[in-house]
Amino acid sequence: MELRIDPSTVDRCRALARAIVSPVSDFIAAHSTVAVERSVLRLLGVDGVGADEIPVPNLILDGLSAQDRSRGVAVAFGRGLAETGLDPAALGAAIAAGTVRLADFADVPEAAARGVLAPFVAASLARIRERRAERAELLERLPQLPTPLLYVIVASGNIYEDRTAAVAAAEAGAQIIAVIRSTGQSLLDFVPFGPTTEGFGGTYATQENFRIMREALDEVGEREGRYIMLTNYASGLCMPEIATMAAIERLDMLLNDSMYGILFRDINMKRTFVDQHFSRMLNAYSGIIINTGEDNYLTTADAVEQAPAVLASQFINEAFAHRAGMPDRQIGLGDAYEISPDLEDGFLYQVAQAQLTRQIFPDAPLKYMPPTKHMTGDIFKGHLIDAMFNLTSVMTKQTIHLCGMLTEAIHTPFLGDRVLAIENAQYVMNTARHFGDEIQVKPGGIIERRAQSVLTGCDALLERVAEIGLMSAIEAALFADVKRPPDGGRGFEGVFERAPEYWNPFEEALQGVTV
């Protein structure tokens, strides 16, 4: 199946997206955030909690002067390492205990700080490369089933209950398990520590929870003879810290999209643009596939009207990802099957949108999200709508397929609900595996005209955004009908300008690296 679309318009959209991203990238290069600096500490091996269960990276950064912070935490922390002879974990613990203050080492030469940090930086990056190599070896030995990869969610609030549900889903045929975060975690400016059992609507993203789930999925993967991927969410105020923990614990995918946090969680755009760039540098290095959040546009505003904005956001996300050194094979752009089932020929519109995205981004592992906005308590109709979603996904060769639940909008899925969702997808995808290869799109027909209309609308929207700038475009509610001001929202106080002598050893090491 092939759509006739104008390649020159596609090229123009990519050029406009690069032009849109360029001034934002200039802003990113001149700024850092508290979350980026805490990520530097975590990469060096600083972890744990101090008084009042405050994470040690937060305690260290909160204790720095504004001047020291503007130079990057690595300089001040490296001076402490050079003077005390402690390793990063021990120094972090001493600072948290109040027995050591980084301010006491201000006279230590910066060269000594850089020198003492070098082996710790190298060891950290080597550890991430080892985890990436583990994934590659497992995928070679335990290959996955054909795409679309079946993706299901667990979200009990208790990591141990999630582990049980995840194993059951994998045994039923799921190829990707996503652990939904506890409601509101994206708004926390710290990462909880240790295993957690009391999340609401999801389970807290912590490094120990990542380790527990990774271990369980590796075990079931060995039994099933196929690698089971693990997903979590690196959006929010701790985006780069979660990317750090995910790289260390060998997660395979992360929701990683600044636009999602800006529009739908009211996180300051300047903060999250900076956080996103560093987190994507880490994701690129660790081999983690990002998932972007364009599907949320369609659950917020009308799916037919917002289609050009979805495509525009995909182009912008691609441009941002390329700026961070991310190859196309790791850019999991989002889309969703959210057109009202009451719309005549809505299925044709869905096919047009999905195929348009597939053709424009041929090497991207596209993530296709299920119907949610128009689901009701009628589980039979919901199951049927999910089947149409499954058919669209397989015929347009989507890569990552979040299985729709027949009980969507009723309750958190039971184990049996997930099994039914997986069986629905397996049946449709098996019986229609090569359907898309066997059909042609009617020239000038509904599908082709719709795709051309969406592309033309995307081109016009990107031109408008390029004229006024991305931050002004978001303020003007050009995406998802949601308005956010550049200096408003959560976390703005955590953004700061870099001093001329600012240094982030991991950013420096990752710059321009291809793995």
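Tutor: In this predicted model, the largest cavity has a volume of about 60 Å³.

Student: How many cavities of 30 Å³ or more does the structure hold?

Tutor: There are 8 of them.

Student: Which residues line the largest cavity?

Tutor: The lining consists of Leu298, Ala303, Ala307, Asp335, Ala336, Glu338, Ile339, Gln350, Gln353 and Arg450. Two or more of the lining residues come from strand S8 (334-336), and two or more from helix H15 (346-360). By class, 5 are nonpolar, 2 polar and 3 charged.

Student: What is the volume of the largest pocket, and which residues lie nearest its centre?

Tutor: The volume of the largest pocket is about 1000 Å³. Its lining has 36 residues, and Ile153, Ile180, Tyr233, Met369 and Glu408 lie nearest the centre. Strand S2 (149-154), helix H11 (258-265), helix H13 (295-300) and strand S9 (367-369) supply at least two lining residues each. The lining divides into 16 nonpolar, 13 polar and 7 charged residues.

Student: Now the helices. What describes two packed helices?

Tutor: The angle between their axes and the distance between the axes describe the pair. Here helix H1 (residues 7-29) packs with helix H14 (residues 307-323) at an angle of about 55 degrees, and their axes are 8 Å apart. H1 is therefore oblique to H14.

Student: Is the crossing of H1 and H14 left-handed or right-handed?

Tutor: H1 passes H14 in a right-handed crossing. Residues making the contact include Val10, Cys13, Ala17 and Val21 of H1, and Phe315, Ile316 and Phe320 of H14. The contact residues comprise 11 nonpolar, 2 polar and 4 charged.

Technical notes: Residues numbered from 1 in each chain as written. Predicted model: local features only at pLDDT ≥ 70, side-chain atom pairs only at ≥ 80, totals over all residues. Heavy atoms only, no water. Axes fitted to C-alpha atoms, helices over the stretch in contact; angles between N-to-C directions. Helix = DSSP H or I, 4+ residues; strand = E, 2+ residues; numbered from the N terminus. Parallel < 35°, antiparallel > 145°, perpendicular 65-115°, else oblique. Left-handed = near helix turned anticlockwise from the far one by under 90°. Contact = heavy atoms within 4.5 Å. Nonpolar A, V, L, I, M, F, W, Y, C, P; charged D, E, K, R; others polar. 1 Å grid on protein atoms, 1.4 Å probe; cavity = no way out; pocket = protein on both sides within 12 Å on 5 of 7 lines; lining within 4 Å. Points joined across faces, edges and corners; volume = space filled by probe spheres on them.
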